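Thanks for coming. I will take a few minutes to walk through one model, starting with the overall layout and ending with some backbone details.

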Amino acid sequence: MTLLETIRTIERVAAAQPAVNMIVENDVFKLNACPDALYGVFAFVQGQHSGDISSDFISYNFTLFYVDRLTSAKDNQIEVQSTGVQVLDNIIRILQDEGIMATPYSFQPFNQRFNDECAGVFCNVTFEVLNTPCGETFTDNNNIKII
(Lines give C-alpha, C1' and ligand atoms only; values in the text may rest on other atoms or scores of the structure.)
Protein backbone atom coordinates (compact mmCIF):
# COMPACT_ATOMS: atom_id res chain seq x y z
CA MET A 1 0.00 0.00 0.00
CA THR A 2 1.42 3.38 -0.96
CA LEU A 3 1.56 6.42 1.29
CA LEU A 4 -1.21 8.04 -0.75
CA GLU A 5 -3.44 4.97 -0.47
CA THR A 6 -2.75 4.79 3.27
CA ILE A 7 -3.64 8.45 3.83
CA ARG A 8 -6.83 8.22 1.74
CA THR A 9 -7.88 5.14 3.74
CA ILE A 10 -7.21 6.93 7.04
CA GLU A 11 -9.29 9.91 5.85
CA ARG A 12 -12.16 7.68 4.67
CA VAL A 13 -12.27 5.81 7.98
CA ALA A 14 -12.06 9.05 9.99
CA ALA A 15 -14.85 10.67 7.94
CA ALA A 16 -17.13 7.75 8.82
CA GLN A 17 -16.84 8.50 12.54
CA PRO A 18 -20.03 10.23 13.79
CA ALA A 19 -18.04 12.70 15.93
CA VAL A 20 -15.83 13.84 13.01
CA ASN A 21 -17.13 16.80 10.98
CA MET A 22 -13.89 18.05 9.43
CA ILE A 23 -10.50 16.65 8.43
CA VAL A 24 -7.28 18.68 8.47
CA GLU A 25 -4.33 17.28 6.52
CA ASN A 26 -0.67 17.60 7.54
CA ASP A 27 -0.91 20.49 10.02
CA VAL A 28 -3.34 20.72 12.94
CA PHE A 29 -2.48 24.43 13.24
CA LYS A 30 -4.35 25.08 9.98
CA LEU A 31 -7.25 25.44 12.42
CA ASN A 32 -5.86 28.88 13.29
CA ALA A 33 -6.74 30.04 9.77
CA CYS A 34 -10.19 28.46 9.81
CA PRO A 35 -12.70 30.72 11.57
CA ASP A 36 -15.61 28.49 10.56
CA ALA A 37 -14.14 25.14 11.64
CA LEU A 38 -16.64 22.30 11.89
CA TYR A 39 -15.76 20.65 15.19
CA GLY A 40 -15.00 17.71 15.95
CA VAL A 41 -11.90 17.83 13.89
CA PHE A 42 -9.73 14.89 12.92
CA ALA A 43 -6.25 16.01 11.94
CA PHE A 44 -3.02 14.25 11.17
CA VAL A 45 0.64 15.08 10.74
CA GLN A 46 3.08 12.79 8.98
CA GLY A 47 6.21 11.70 10.76
CA GLN A 48 9.27 9.90 9.48
CA HIS A 49 8.39 6.87 7.37
CA SER A 50 10.67 3.85 7.07
CA GLY A 51 11.23 0.61 5.28
CA ASP A 52 13.74 -2.21 5.15
CA ILE A 53 15.02 -3.84 2.00
CA SER A 54 14.67 -7.27 3.64
CA SER A 55 11.02 -6.74 4.61
CA ASP A 56 7.79 -6.76 2.67
CA PHE A 57 6.42 -4.04 4.96
CA ILE A 58 6.78 -0.28 5.14
CA SER A 59 6.13 1.80 8.27
CA TYR A 60 4.30 5.12 8.15
CA ASN A 61 4.45 7.31 11.25
CA PHE A 62 1.64 9.71 12.03
CA THR A 63 0.39 11.89 14.82
CA LEU A 64 -3.40 11.73 14.86
CA PHE A 65 -5.49 14.43 16.55
CA TYR A 66 -9.07 14.84 17.66
CA VAL A 67 -10.00 18.45 18.48
CA ASP A 68 -13.28 19.96 19.66
CA ARG A 69 -14.34 23.33 20.96
CA LEU A 70 -14.75 23.96 24.68
CA THR A 71 -17.84 25.62 26.06
CA SER A 72 -17.45 29.11 27.52
CA ALA A 73 -17.34 27.53 31.00
CA LYS A 74 -14.81 24.96 29.73
CA ASP A 75 -16.73 22.29 31.61
CA ASN A 76 -16.76 19.84 28.70
CA GLN A 77 -12.98 19.31 28.61
CA ILE A 78 -13.00 15.73 29.89
CA GLU A 79 -15.98 14.85 27.68
CA VAL A 80 -14.10 16.14 24.60
CA GLN A 81 -10.95 14.26 25.56
CA SER A 82 -12.91 11.08 26.25
CA THR A 83 -14.62 11.34 22.88
CA GLY A 84 -11.23 11.94 21.26
CA VAL A 85 -9.74 8.78 22.74
CA GLN A 86 -12.70 6.75 21.50
CA VAL A 87 -12.65 8.30 18.01
CA LEU A 88 -8.92 7.79 17.49
CA ASP A 89 -9.04 4.28 18.92
CA ASN A 90 -11.99 3.40 16.65
CA ILE A 91 -10.12 4.72 13.61
CA ILE A 92 -6.99 2.71 14.41
CA ARG A 93 -8.99 -0.48 15.05
CA ILE A 94 -10.98 -0.14 11.82
CA LEU A 95 -7.77 0.48 9.87
CA GLN A 96 -6.56 -2.95 10.97
CA ASP A 97 -9.51 -4.46 9.08
CA GLU A 98 -8.24 -2.52 6.03
CA GLY A 99 -4.77 -4.11 6.26
CA ILE A 100 -3.15 -1.17 8.03
CA MET A 101 -1.67 -2.60 11.21
CA ALA A 102 -0.81 -0.34 14.15
CA THR A 103 2.02 -0.78 16.59
CA PRO A 104 1.21 0.02 20.25
CA TYR A 105 -0.02 3.58 20.72
CA SER A 106 -0.97 5.91 23.55
CA PHE A 107 -3.06 9.06 23.91
CA GLN A 108 -2.08 12.49 25.21
CA PRO A 109 -4.89 14.88 26.23
CA PHE A 110 -4.38 18.60 25.61
CA ASN A 111 -5.98 22.02 25.70
CA GLN A 112 -5.05 24.42 22.91
CA ARG A 113 -6.17 27.80 21.69
CA PHE A 114 -6.76 27.81 17.94
CA ASN A 115 -9.35 30.30 16.67
CA ASP A 116 -11.42 28.82 19.46
CA GLU A 117 -10.57 27.48 22.89
CA CYS A 118 -10.29 23.75 22.30
CA ALA A 119 -9.42 20.45 23.91
CA GLY A 120 -8.64 17.07 22.50
CA VAL A 121 -6.17 14.24 22.33
CA PHE A 122 -3.33 13.25 20.08
CA CYS A 123 -1.80 9.88 19.39
CA ASN A 124 1.56 8.97 17.89
CA VAL A 125 1.17 5.77 15.92
CA THR A 126 3.13 3.72 13.43
CA PHE A 127 1.16 1.93 10.74
CA GLU A 128 2.74 -1.06 9.04
CA VAL A 129 1.49 -1.92 5.57
CA LEU A 130 2.43 -4.39 2.89
CA ASN A 131 4.80 -2.65 0.51
CA THR A 132 3.21 -3.36 -2.86
CA PRO A 133 4.35 -2.17 -6.27
CA CYS A 134 3.39 1.42 -6.87
CA GLY A 135 0.07 1.84 -8.63
CA GLU A 136 0.29 5.63 -8.73
CA THR A 137 0.78 7.46 -11.99
CA PHE A 138 3.73 9.74 -12.43
CA THR A 139 4.42 12.69 -14.66
CA ASP A 140 6.79 11.95 -17.53
CA ASN A 141 9.98 13.77 -16.54
CA ASN A 142 12.22 12.76 -19.43
CA ASN A 143 13.19 16.40 -19.91
CA ILE A 144 14.39 16.97 -16.36
CA LYS A 145 17.22 19.45 -16.09
CA ILE A 146 19.77 18.36 -13.52
CA ILE A 147 21.96 21.08 -12.06
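**Walking through the model**

I start with a residue in a loop: Lys74 sits in the stretch between β4 and α2. Its phi is positive, at about 60°, although Lys74 is not a glycine. With a relative accessible area of 43%, Lys74 is partly exposed. I will come back to backbone angles at the end. Please keep in mind throughout that this is a predicted model.

Now the overall layout. The protein has two helices and seven strands. Read from the N terminus, the order of elements is α-β-β-β-β-α-β-β-β. There are 147 residues, and 37% of them count as buried. The accessible surface comes to about 8700 Å², with 51% of that belonging to carbon and sulfur atoms. If we take contacts between residues at least 6 apart in sequence, 60% of those join residues at least 24 apart.

Helix α1 covers residues 3-15, which is 13 residues. From its first C-alpha to its last, α1 reaches 18 Å, close to the 18 Å expected at 1.5 Å a residue. Which residues of α1 are buried? They are Thr6, Ile7, Thr9, Ile10, Glu11, Val13 and Ala14.

Gln81 lies in α2, which spans residues 77-97. Is Gln81 buried or exposed? Its relative accessible area is 12%, and the cut-off for buried is under 20%, so Gln81 is buried. What does Gln81 touch, if we leave aside neighbours within four places in sequence? The contacts are Pro109, Phe110 and Asn111, and then Ala119, Gly120 and Val121. For Phe110 there is a polar detail as well: its backbone oxygen lies 3.2 Å from a polar atom of the Gln81 side chain.

On to the aromatic residues. A pair of rings is described by the distance of the centres and the angle of the planes. The structure holds eight aromatic pairs. I will show two of them.

One is Phe29 with Phe114: the ring centres are 5.7 Å apart and the planes are at 50°, so this pair is tilted. Phe29 is in the loop between β1 (22-25) and β2 (41-46), while Phe114 is in the loop between β6 (106-113) and β7 (117-130), so the pair ties together parts that are 85 residues apart in sequence. The two partners can be compared by their accessibility. Phe29 is partly exposed, at a relative accessible area of 44%, whereas Phe114 is buried, at 5%.

The other is Phe44 with Phe62, an edge-to-face pair with 5.9 Å from centre to centre and 75° between the planes. Here the link runs between strands: Phe44 is in β2 and Phe62 is in β4 (residues 57-69), 18 residues apart. Both Phe44 and Phe62 are buried. They also belong to one aromatic cluster, made up of Phe42, Phe44, Phe62 and Phe127.

A brief word on cysteines. Cys34 counts as buried, at 15% relative accessibility. Cys123 counts as buried too, at 0%. How many disulfides are there? With sulfur atoms within 2.5 Å as the criterion, the count comes to zero.

Finally, back to the backbone. Most residues other than glycine have a negative phi, and most peptide bonds are trans. Lys74, where I began, has its positive phi of about 60°. Asn26 also has a positive phi, of about 65°, and is not a glycine. Asn26 is found in the loop between β1 and β2, and is partly exposed with a relative accessible area of 40%.

Which peptide bond is cis? The one from Tyr39 to Gly40, with omega near -5°. Gly40 is found in the loop between β1 and β2.

Methods: Residues are numbered from 1 along each chain as its sequence is written. This is a predicted model: local features need pLDDT of at least 70, side-chain atom pairs count only at pLDDT 80 or more; totals for chains, interfaces and linings use all residues. Side-chain values use heavy atoms; hydrogens and water are left out. Helices (H or I, at least four residues) and strands (E, at least two) are DSSP runs, numbered from the N terminus. Buried means under 20% relative accessible area, exposed over 50%, partly exposed in between (1.4 Å probe, protein chains only). A polar contact is a pair of N or O atoms within 3.5 Å; within protein, one must be able to donate a hydrogen and the other to accept it, and residues adjacent in sequence count only if both atoms are side-chain atoms. Contact means heavy atoms within 4.5 Å. Rings of Phe, Tyr and Trp (its six-membered ring) pair if their centres lie within 6.5 Å; planes under 30 degrees apart count as stacked, over 60 as edge-to-face and the rest as tilted. The expected span of a helix is 1.5 Å times one less than its number of residues. Accessible areas come from the Shrake-Rupley method with a 1.4 Å probe; for residues, only the protein chains shown count as cover.
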